[in-house]
Amino acid sequence: MEDQNQNPEMPGNQERGSSGQSLGVASLITAIITFVLAVIPCVGLMAVIPGIITIVLASVGLSRSSGNDSRRGLLVAGLVIGIVATLISISQIYVAGEIFRKSGKWPTKIEKMVDEIQKEIDKAIEEASVDIRIENGDNNADISPASGKTARERTLEELETGKSSLSDTLSSP
Amino acid sequence: MEAEPREKAVQTEPYLVINMALALVIALILLYSLVFSPAGDNYPIPCIHEKISGEKCPSCGISHSFSLIARGRINEAYSWNSRGMSVFIFFAAQLILRISFSRSYLKNPDSRRELVLTDITGSILMFLTAFMPFIVFLVRML
């Protein structure tokens, strides 16, 4: 029995060897295709499926061709390339997640930039020299503050309390 | 007289079977480039990366690029994907190499081992040259 299992020339072993060779060829072809697919980022994720098929084919072939070393080369090559291709394909999932994570951060950065610009614009408007004209019926008041928000606020306060500084012009018809 | 052993060799030699299968797959890829037109924009394979992350990846637009190269519109192909040309040349060269190596394998039974080794080495180098931008992208992201 032992001799029959070891001898590749025996009819049973020849049949097993031929099926092992067919599986080896099939696994190597799918492994090469999977490897090429796995490296392309657009379709790399899809390569997981043929990768698993490759590993299954090679594993089945290796278990069938145990004892027949001459046909194991194709199966081992198919298995190794298949495993590497599947790992590359799985890593594409991580890469996609990484891109997604980064793309989630970019709008936040843009929002921060917009906020900073908005604040600068507000500050510039507040500090700008602005002439104010108040009309109440027949009474008109022109306020020409020296500059800035604080100066305008002071002038308005003085107007409310009835005092006015020299730099302001208050005219009534 | 010679046809029968040659047919038998094609059926039994794993190298020839693998070569024929890969040539068929590459021919299908080239046919895909011819069937789907850039004008119609009817490509059935979407970019999964773009679907997941919303960001374009280095292989986006490669189908468009292939179709345009197959139609001789090289400048437009470059604008869709600059790496499309090198990948297309890789596939086209592999199709020619599969056929020519198979012929050499049948014609020179004494130097089969050297032929297979040359094929494996050459194909790996060609693959690395054509797909290097994608490999670099993958390594950078990991």
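Reader: Which term describes H2(B) and H6(B) relative to each other, roughly parallel or roughly antiparallel?

Author: H2(B) and H6(B) are roughly antiparallel to each other; angles under 35 degrees count as roughly parallel, over 145 as roughly antiparallel, 65 to 115 as roughly perpendicular and the rest as oblique. The axes of helix H2 (residues 14-35) of chain B and helix H6 (residues 84-107) of chain B cross at roughly 155 degrees and come within 9 Å. Axes are lines fitted to C-alpha atoms, for helices over the stretch in contact, with angles from 0 to 180 degrees between N-to-C directions. This is a predicted model, in which local features need pLDDT of at least 70, side-chain atom pairs count only at pLDDT 80 or more, and totals for chains, interfaces and linings use all residues. Residues are numbered from 1 along each chain as its sequence is written, while chains are lettered from A and ligands numbered from 1 in the order in which they are written.

Reader: Which residues of H2(B) and H6(B) make the contact?

Author: Two residues are in contact if their C-beta atoms, placed from the backbone, lie within 7 Å. Those of H2(B) include B:Tyr15, B:Leu22, B:Ile26 and B:Leu30; among those of H6(B) are B:Phe91, B:Leu95, B:Arg98 and B:Tyr105. By class, the contact of H2(B) with H6(B) has 13 nonpolar, 3 polar and 1 charged residues (Ala, Val, Leu, Ile, Met, Phe, Trp, Tyr, Cys and Pro count as nonpolar, Asp, Glu, Lys and Arg as charged, the others, Gly among them, as polar).

Reader: What are H2(B) and H4(B) to each other, roughly parallel or roughly perpendicular?

Author: The axes of H2(B) and helix H4 (residues 62-70) of chain B cross at roughly 85 degrees and come within 8 Å, so H2(B) and H4(B) are roughly perpendicular. B:Leu30, B:Ser33 and B:Leu34 of H2(B) meet B:Phe66, B:Ser67 and B:Ala70 of H4(B). This contact divides into 4 nonpolar, 2 polar and no charged residues.

Reader: How many helices and strands does chain B have?

Author: Helices (H or I, at least four residues) and strands (E, at least two) are DSSP runs, numbered from the N terminus. Chain B has 7 helices and 0 strands.
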